[in-house]
Amino acid sequence: MQDFMKGRYGVDDLTLSLGVLGMVLALIGSLASLAPLSWIALVVVVLAILRAFSKSIPARERENQMFLNLAHKIPVVGPHIGWLDREKGPRPASSAAAQGSGPDFGRTKRTAERMWRERKTTLFFRCKTCGAILSVPRGKGHIRVTCPRCGTKVEKVS
């Protein structure tokens with residue numbers, strides 16, 4: 001699959017949003033027995049898949065940037081959507097990730113493996129200020145944790 005995706009755009013915020021929208025429309029269409037809505041959902045999901053497999057990276061980046069600019073103008077009440085983190089702003093274009101100089105997936109994999117291995121003895125959470133992954137031993141009650149990256153102090157119950 002990695003060889004197949006080389007030189008292709010991959011998944012970005014717009015593609016992910018289109019996929020979620022398609023699934024929601026399909027669910028509503030099937031629950032309400034609205035065949036036209038289900039067909040629209042199918043078209044939206046196919047469009048998302050075609051965007052992910054596209055080799056026209058600059059065009060997809062422009063579309064994604066326009067989507068992010070529009071999405072950040074919409075006021076949000078309540079919690080943010082994970083892939084549209086308004087506090088961090090729009091993510092940079094994914095051409096660097098497509099060319100291989102993007103995020104360190106090896107490090108991400110090692111972190112996930114460590115979190116899975118230590119899930120029974122350690123509580124993992126993200127710093128609300130900088131997003132660093134922090135950990136505390138389970139079963140210690142109230143603990144005050146200081147983020148080593150930004151110095152934010154947080155009270156946690158382990």
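**Notebook: Arg60 and the rest of the chain**

I looked up Arg60 and noted it as buried, at 16% relative accessibility. The word buried stands for under 20% relative accessible area, exposed for over 50%, and partly exposed for what lies in between, with a 1.4 Å probe and protein chains only. The model is predicted: local features need pLDDT of at least 70, side-chain atom pairs count only at pLDDT 80 or more, and totals for chains, interfaces and linings use all residues. Residues are numbered from 1 along each chain as its sequence is written, and side-chain values use heavy atoms, with hydrogens and water left out.

**Entry 1: the chain as a whole**

I went through the chain and found six helices and four strands. Helices (H or I, at least four residues) and strands (E, at least two) are DSSP runs, numbered from the N terminus. What is the order of the elements from the N terminus on? The order runs α-α-α-α-α-α-β-β-β-β.

The chain has 158 residues, and 27% of them count as buried. I then took the accessible surface, which comes to about 11300 Å², with 63% of it belonging to carbon and sulfur atoms. Such areas come from the Shrake-Rupley method with a 1.4 Å probe; for residues, only the protein chains shown count as cover.

I also checked contacts, meaning heavy atoms within 4.5 Å. Among those between residues at least 6 apart in sequence, 37% join residues at least 24 apart.

**Entry 2: around Arg60**

I placed Arg60 in helix α4, which covers residues 57-71. Which residues does Arg60 touch, not counting those up to four places away in sequence? I listed Tyr9, Asp12, Arg51 and Ser54.

The side chain of Arg60 also has a polar contact of 2.9 Å with the side chain of Glu63. A polar contact is a pair of N or O atoms within 3.5 Å; within protein, one must be able to donate a hydrogen and the other to accept it, and residues adjacent in sequence count only if both atoms are side-chain atoms.

**Entry 3: salt bridges**

How many salt bridges does the structure hold? I counted four, taking a salt bridge as a side-chain nitrogen of Lys or Arg within 4 Å of a carboxyl oxygen of Asp or Glu.

Arg60 and Glu63 form one of them, at 2.9 Å from N to O. These two are three residues apart in helix α4, which means that about one helical turn separates them.

Glu63 forms a salt bridge with Arg51 too, and here the closest N and O atoms are 2.3 Å apart. Glu63 lies in helix α4 and Arg51 in helix α3 (residues 35-53), so this pair ties together parts that are 12 residues apart in sequence. I noted Arg51 as buried, at 5% relative accessibility, and Glu63 as partly exposed, at 28%.

I wrote down the network as well: salt bridges link Asp12, Arg51, Arg60 and Glu63.

Arg114 and Glu118 make another salt bridge, with the closest N and O atoms 3.5 Å apart. Arg114 is partly exposed at 36% relative accessibility, and Glu118 is partly exposed at 24%.

**Entry 4: cysteines**

I searched the whole structure for disulfides, that is, pairs of cysteine sulfur atoms within 2.5 Å. The search found zero. Cys130 is in no disulfide, and the nearest cysteine sulfur, that of Cys147, is 3.6 Å away. For Cys150, also in no disulfide, the nearest cysteine sulfur belongs to Cys127 and is 3.6 Å away. I noted Cys130 as partly exposed, with a relative accessible area of 23%. Cys150 is partly exposed as well, at 35% relative accessibility.

**Entry 5: a nonpolar patch**

Which residues form a nonpolar patch on the surface? I found Val11, Leu16, Val20, Val24 and Ile28, with about 390 Å² of accessible area together. Patches are made of residues with over 30% relative accessible area and no salt bridge: like charges are joined within 9 Å, nonpolar side chains (Val, Leu, Ile, Met, Phe, Trp, Tyr) within 5 Å. Of these residues I looked up Ile28, which sits in helix α2 (residues 13-31). Ile28 is partly exposed, at 41% relative accessible area.

**Entry 6: Ser33**

I found Ser33 in the loop between α2 and α3. Is Ser33 buried or exposed? Ser33 is exposed, with a relative accessible area of 65%. Its phi is near 55°, a positive value in a residue other than glycine. Most residues other than glycine have a negative phi.
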